Amino acid sequence: MNAREVRTETDSLGPVDVDASRLWGAQTQRSLENFPAGQPHYVWGRGLIRSFGLVKRAAAAANLDAGILDTRIAELIDRASAEVIDGSLDDHFPLVVFQTGSGTQTNMNVNEVIANRANELAGEERGTKRPVHPNDHVNASQSSNDVFPTVMHLATISALDESMYPAVDHAIAVLGDLRQQFGDIVKVGRTHLQDATPVTLGQEIGSWEQQLRSAREAIASAEVTLRELAIGGTATGTGLNSPVGFGPAVAGRLGELTGHDLTAATEPMALTASHDAMVAASAAVRGLALACFKIANDVRWLASGPRNGIGELKLPANEPGSSIMPAKVNPTQAEALTQVAAHVFGNDATVAFAGSQGSFQLNTYKPIILHATLDSISLLSEALVSFTDRCLVGIEPNPERIDANLEMNLALVTALVPHIGYDSASKIAQHAASAGVTLRQAAAEVADVAGDDFDRWVDPADMVHPTA
């Protein structure tokens with residue numbers, strides 16, 4: 001980089017050369033040089049950048065109302081923040097997740113970009129720090145220690161609202177349609193991977209649907225705690241260098257900007273020193289991953305074969321399944337979803353550990369907590385939509401296999417228990433299994449059950465609901 005391509009920016013450690021085409025300043029440049037781990041794969045994305053822009057915009061408005069900023073400075077910050085929010089300046093945020101545990105470098109990246117852009121709007125050159133200063137004005141009444149936790153909550157709420165809830169709702173709707181469509185198909189139930197009393201395919205699918213509903217409810221419940229924000233606590237949660245009422249004012253502005261019901265924490269120190277709300281949110285997302293894993297695993301078991309497995313479901317054929325075996329088709333969407341679920345389990349373990357690492361007034365694992373949570377939300381949402389559209393949509397039952405499996409099901413003998421007792425029913429099942437005969441024949445041979453009685457008592461369609 002030659003002299004014509006750089007400008008000199010300064011911070012408390014002295015001058016730093018910065019790419020002249022970039023809006024960031026000295027502290028961002030130092031972070032870019034000192035924290036290479038994770039480039040370029042772990043650079044912050046749109047969700048964090050947008051949330052930072054929202055916080056800076058709301059803070060400028062609150063500072064204007066409090067008399068901390070004059071109208072011109074506040075308006076310039078507002079205009080530059082709006083460009084951060086709409087994505088126009090995304091190329092100017094190069095920092096990685098793995099940095100200082102408070103997220104200070106990313107907070108300063110935002111402060112510097114907004115200040116330099118605001119000064120451009122005012123007709124000044126980049127790096128002048130006039131009329132807008134990154135610390136004195138853009139970061140006024142704030143600290144990285146309360147801004148970053150506020151961004152953590154905002155970004156997570158947005159990700160849930162924009163990605164996760166729509167993905168889950170879509171899957172629930174598709175499963176609901178399948179439940180109704182296949183509601184009358186009676187099939188073998190299975191417990192312990194062994195044959196059990198009958199269920200309907202609709203009931204089986206309905207259990208998946210309910211799992212997703214319950215997981216969604218748990219996420220929504222956890223999200224409520226994210227609506228409380230750390231802003232106003234500044235460095236150690238005491239509010240030093242911020243005007244009285246600054247936190248509630250910023251939270252109110254953020255509520256207006258996002259449409260969410262947001263409040264400032266009554267005890268902001270708790271939200272800078274620990275991140276229990278984020279840990280709970282990650283755990284709830286893990287709960288959804290567990291449900292997705294179970295559903296996807298059931299689907300691939302039920303579709304196994306197709307001739308030498310259970311084979312009760314037919315899955316859409318999306319792509320060839322083998323480089324050597326012609327015409328083989330694998331349950332790839334189920335495999336992809338379960339792999340994503342496994343990744344989410346790992347992310348949640350990271351969040352749980354990082355959440356335990358608060359010391360005194362600060363938890364210094366903030367960036368990895370946020371990154372892991374957002375990564376889980378993004379990946380699981382995308383994988384669930386793909387699984388829904390490319391697997392659940394298009395699933396068909398295999399009636400011949402379903403009926404054949406049901407006919408061979410020794411657990412049907414359970415329907416005889418109220419009529420002949422448990423012990424006699426057991427002997428019938430054992431005889432059928434050892435002699436290789438049907439239950440109907442075994443019932444006649446072992447317990448002298450008449451054929452008409454057997455047909456009346458052992459009706460699979462009557463075994464999928466409580467006894468009348």
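User: Which residues are buried in helix α1 (residues 26-34)?

Analyst: The model is predicted, and local features need pLDDT of at least 70, side-chain atom pairs count only at pLDDT 80 or more, while totals for chains, interfaces and linings use all residues. Residues are numbered from 1 along each chain as its sequence is written, and side-chain values use heavy atoms, leaving out hydrogens and water. Helices (H or I, at least four residues) and strands (E, at least two) are DSSP runs numbered from the N terminus, and buried means under 20% relative accessible area, exposed over 50% and partly exposed in between, with a 1.4 Å probe and protein chains only. In α1 the buried residues include Ala26, Thr28, Gln29 and Ser31.

User: Which residue of β2 stands opposite Thr10?

Analyst: Strands β1 (6-11) and β2 (14-19) are among the elements that cover the buried residues of α1. The two strands pair (at least two DSSP bridges between them) in the antiparallel sense over six bridges, and a hairpin of two residues joins them. Opposite Thr10 stands Pro15.

User: Is His153 buried or exposed?

Analyst: His153 is found in helix α6, and its contacts (heavy atoms within 4.5 Å) beyond four places in sequence include Thr225, Leu271 and Met278. Because its relative accessible area is 4%, His153 is buried.
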